[in-house]
Structures are given as C-alpha cells and as structure tokens.
Amino acid sequence: MFPVILNLIQDLGLYDLYNFQQCQILQSARNDKKYIERKILNLQELYEKKDIRHNGAFAWRRPVISFEVFPPKDDVQNLYNELEKLKAFDPAFVSLTCNAGGGDNSSMEIANHIKRNLGMDVMPHLTCVCNSQNDIGDTLSAIEDMGAQNVLALRGDLPEGGSQGDFKYASELVEFVKTHTELNVGVAGYPEGHIDAPDLFADIENLKKKIDAGAQAIFTQLFFNNDKFFSYVQLVRDAGILVPIIPGIMPIISKKQIEKMTALANISVPETLLNRIEKYKDNPVDMKKLGVDFASYQCQQLIDAEVPGLHFYTLNRAHSTSQILENIT
C-alpha cells in the first residue's frame, strides 16, 4: 500500500498507524490446499490479453478490474461483506496489504478467506522494512501454499524506531521473490514522482531497476490529473520499460482526505476540482457524489485511452467504487 493511503487510513480512523510488522503466517495455509483454484494468468499476460472479434482481428478488451483492501482492526466480516458486493464486478484479483497492527486480523488469514471462501484471487503485499530474508521466505511459502500467483513488492516507509531489515530497496525484494519462487511480481509507480526521489526522471530510473529485477506490472499511486498519468506512461516507455502500467484510482470522500494526501505525496489536484471540493466541504453527501462523478470521468477517459486495467483503492468500502463501475460499464 502506498504511504499516502496508509496515512489516509490512519487519519480516517480505519485502523491504527501502519507499523510494518511481519504479517502473521498461518501454518494451516501450508497444510490445507483443497481450496487452491484455477491458475490465473501472470500479471503481464493478464493485462496484455485481448479478446478476438468474429472476423479474427484483435479487439481491445474491457479493462482488467482490481481492488485494494487492508486488514481491518476489527469486524473483519464487514470487509468480507463489502468484497461480496464488489465481486459482482468480476475483479481479476484483490490486492491485500500487510497486517497493520493494533488488531487481531492477520493478512494471511484474510487472504486465505478471500481465496477459499469468497472465490476471489488475491495479491498480497510484501514490504522491505522490518523484514529479514527468513521472514519474507516464510511469507512467500504461505502465499504459494494458498494458491496465490501474484504479489506486490514495496519498499515501505521505515517506522520510527524500526530497523530497515535485509532489503533496502524494492528492487532487491523483487529479485529475491523471482529467485526463490514462481510468483509474479507487481511494483509501485508514481505518476508525479515518489516524494523521496530528487525528480521524476530519477524515480523512473529506480522503477527500471525493479522491472529489470523481474517485476511484470506497475500499479500507480492515485492521481487526479489524467494528463500527468499519460505523460508518465510516455516517460516510462521512453526509458525502455514495456510492462503494463495500471492506473490507481481513489474516489474523493472529504476535503481533509485531499489535504492529507497532497501533504504527504506528490499528488496535484486541478484547480477546478479544488474549487468544487471547497464548495462541498461541509456536505458529506455531495462530496461523495463529487468523488464518484470525478472518478467516473477519470476512468472513462482512461478507458478511452485503452489503459489495460483500473486498480481501485477502496478503503474497504464498496459503495463509491461500485457506483463508479456502474457509471462506466
């Protein structure tokens, strides 16, 4: 999960501050394989696959849909209920962040439930920080044993008083995963540059290291200016990176949310949108409608540009994402 989203979740009181501790590994996942389902395409194949018209020509398929959720501090059943609603939109997978701490819900336990009981493929997150090679190795074994095919490899933010662990950069984590498993690996991309990078070009150089290490798809941080995304895609292609680039979408829910995100990450907001956010700042209903309408506009423009997929940061809530998908399908 991107740092800005983690901070937003904390700010909304959805769970305690992400502490990046190692996700609990359930031994039962290693012993119970009866629910392993169909093998899905690897990430690059998934996003590059096209449908075939009756005349034999290739046609652009409906963009691949995926959702991101996180382990809630409590009431995990509510998360499952929300995912049941989102399942109607036929997502390729659910991206699941590592356990955030402060609660009893293990990421691996939730991943098992999503795959076994909800019948949805899952893409667990891995982070460098606070993890040794042995930690990551154990996590990867559990992921493979549950029948998952994909992981998202992230550096993560070093928590106060925490240790770096054995991996300093996400590229090192990608290389470790590809060396020791058959899993497919996605990585993060930043349309306006990572906040720690000196500039966008340096950030793309770092992205190329992750791809050269074996990553097969790029999932971007959320953005509100599609032109920034399109420009980013061109720069990435110019750098010789050819894997699919999947735009990340998060609907606006409050002015506070926007202020938090723009303070913690390189995310610009068009002035016209800022004016509308200001207009509805004291009206939650109209603010959420604005968020749905704007994200729907974003998604439709991205679909028209033939993006290979749409990755939704749902904040464990189905309503806004569902409304957006109903608007564009």
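Student: How many bridges join strand S3 to S10?
Tutor: In this predicted model, strand S3, which covers residues 64–69, is joined to S10 by five bridges, and the two run parallel. To place one of them, glutamate 68 has tyrosine 313 as its bridge partner in S10.
Student: And how many join S9 to S10?
Tutor: Strand S9, residues 245–249, is joined to S10 by two bridges, again with a parallel run. Here the bridge partner of glycine 248 in S10 is histidine 311.
Student: Is S10 mostly covered or mostly exposed?
Tutor: S10, made of residues 309–313, is mostly covered, since five of its five residues are buried.
Student: Which residues point which way from it?
Tutor: Gly309, His311 and Tyr313 point one way from S10, while Leu310 and Phe312 point the other way, and all of them are buried.
Student: Changing topic, which residues touch the most other members in the largest nonpolar core?
Tutor: That core has 59 residues, and the ones touching the most other members are Leu83, Ile218 and Phe312. Helix H4, residues 76–87, gives the most to this core, contributing five residues.
Student: What is isoleucine 218 in contact with?
Tutor: Leaving aside neighbours within four places in sequence, isoleucine 218 is in contact with residues including Val187, Leu207, Ile211, Val236, Pro244 and Ile246. There is also a second, separate core of 17 residues, with Phe224, Met250, Ile253 and Leu273 among them.
Student: What about the aromatic rings, how many pairs are there?
Tutor: The count comes to eight aromatic pairs. In one of them, phenylalanine 93 and phenylalanine 219 have ring centres 6.0 Å apart and planes at 85°, so the pair is edge-to-face, as it lies over the cut-off of 60 degrees.
Student: Where do those two lie?
Tutor: Phenylalanine 93 is in strand S4 and phenylalanine 219 in strand S8, so their pair ties together parts that are 126 residues apart in sequence. Phenylalanine 93 counts as buried at 1% relative accessibility, and phenylalanine 219 is buried with a relative accessible area of 1%.
Student: Why is the pair of phenylalanine 224 and phenylalanine 294 called tilted?
Tutor: Their ring centres are 6.4 Å apart and their planes are at 50°, so the pair is tilted. Phenylalanine 224 lies in the loop between S8 and helix H9, and phenylalanine 294 in helix H12, so this pair ties together parts 70 residues apart in sequence.

How values were computed: Residues are numbered from 1 along each chain as its sequence is written. This is a predicted model: local features need pLDDT of at least 70, side-chain atom pairs count only at pLDDT 80 or more; totals for chains, interfaces and linings use all residues. Side-chain values use heavy atoms; hydrogens and water are left out. Buried means under 20% relative accessible area, exposed over 50%, partly exposed in between (1.4 Å probe, protein chains only). Helices (H or I, at least four residues) and strands (E, at least two) are DSSP runs, numbered from the N terminus. Two strands pair if DSSP finds at least two bridges between them. A nonpolar core is a set of buried Ala, Val, Leu, Ile, Met, Phe, Trp, Tyr and Cys residues joined through side-chain atoms within 4.5 Å. Contact means heavy atoms within 4.5 Å. Rings of Phe, Tyr and Trp (its six-membered ring) pair if their centres lie within 6.5 Å; planes under 30 degrees apart count as stacked, over 60 as edge-to-face and the rest as tilted.
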